[in-house]
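Q: I have a model open and want to read its surface features. Can you take me through them, one at a time?

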Amino acid sequence: MSIANGKSSKIYHILSAADLLKYRVFIPGQDYSPTSASTVMDAILSFDAVKEKAFAARYYQSYSNMMLQVLNQLKK
């Protein structure tokens, strides 16, 4: 039996597309050790909100366009 690596999840996909995988924590088993508070604070303080808001707008537009295409296909 293989242990899942989490790369097939939608969360992984979105974080990868947004260049945010460094903020992801995946816990595949019992050997997890928590991230330090200073690491969490550094990540919060260095987070590029402007970049990610722009990504979110692009991703939302792309998703909306895809859903419109799906709806148009269903109307045929």
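Q: Where is the place of Leu-68?
A: Leu-68 sits in helix α3, residues 49-75. Helices here are DSSP runs (H or I, at least four residues), numbered from the N terminus. This is a predicted model: local features need pLDDT of at least 70, side-chain atom pairs count only at pLDDT 80 or more, and totals for chains, interfaces and linings use all residues. Residues are numbered from 1 along each chain as its sequence is written, and side-chain values use heavy atoms, leaving out hydrogens and water.

Q: Is Leu-68 buried or partly exposed?
A: Buried means under 20% relative accessible area, exposed over 50%, partly exposed in between (1.4 Å probe, protein chains only). Leu-68 has 49%, so Leu-68 is partly exposed.

Q: Where is Asp-19 found, and how does its accessibility count?
A: Asp-19 is in the loop between α1 (10-17) and α2 (37-46). Its relative accessibility is 53%, so Asp-19 counts as exposed. Phi of Asp-19 is near 60°, a positive value in a residue other than glycine.

Q: What about Ala-17?
A: Ala-17 lies in helix α1. Ala-17 is partly exposed, because its relative accessible area is 43%. The C-alpha atoms of Ala-17 and Tyr-59 are separated by 9.0 Å, and the two residues are 42 apart along the chain.

Q: By class, which residues does the lining of the largest pocket have?
A: Ala, Val, Leu, Ile, Met, Phe, Trp, Tyr, Cys and Pro count as nonpolar, Asp, Glu, Lys and Arg as charged, and the others, Gly among them, as polar. The lining of the largest pocket has five nonpolar, three polar and one charged residues.

Methods
Helix = DSSP H or I, 4+ residues; strand = E, 2+ residues; numbered from the N terminus.
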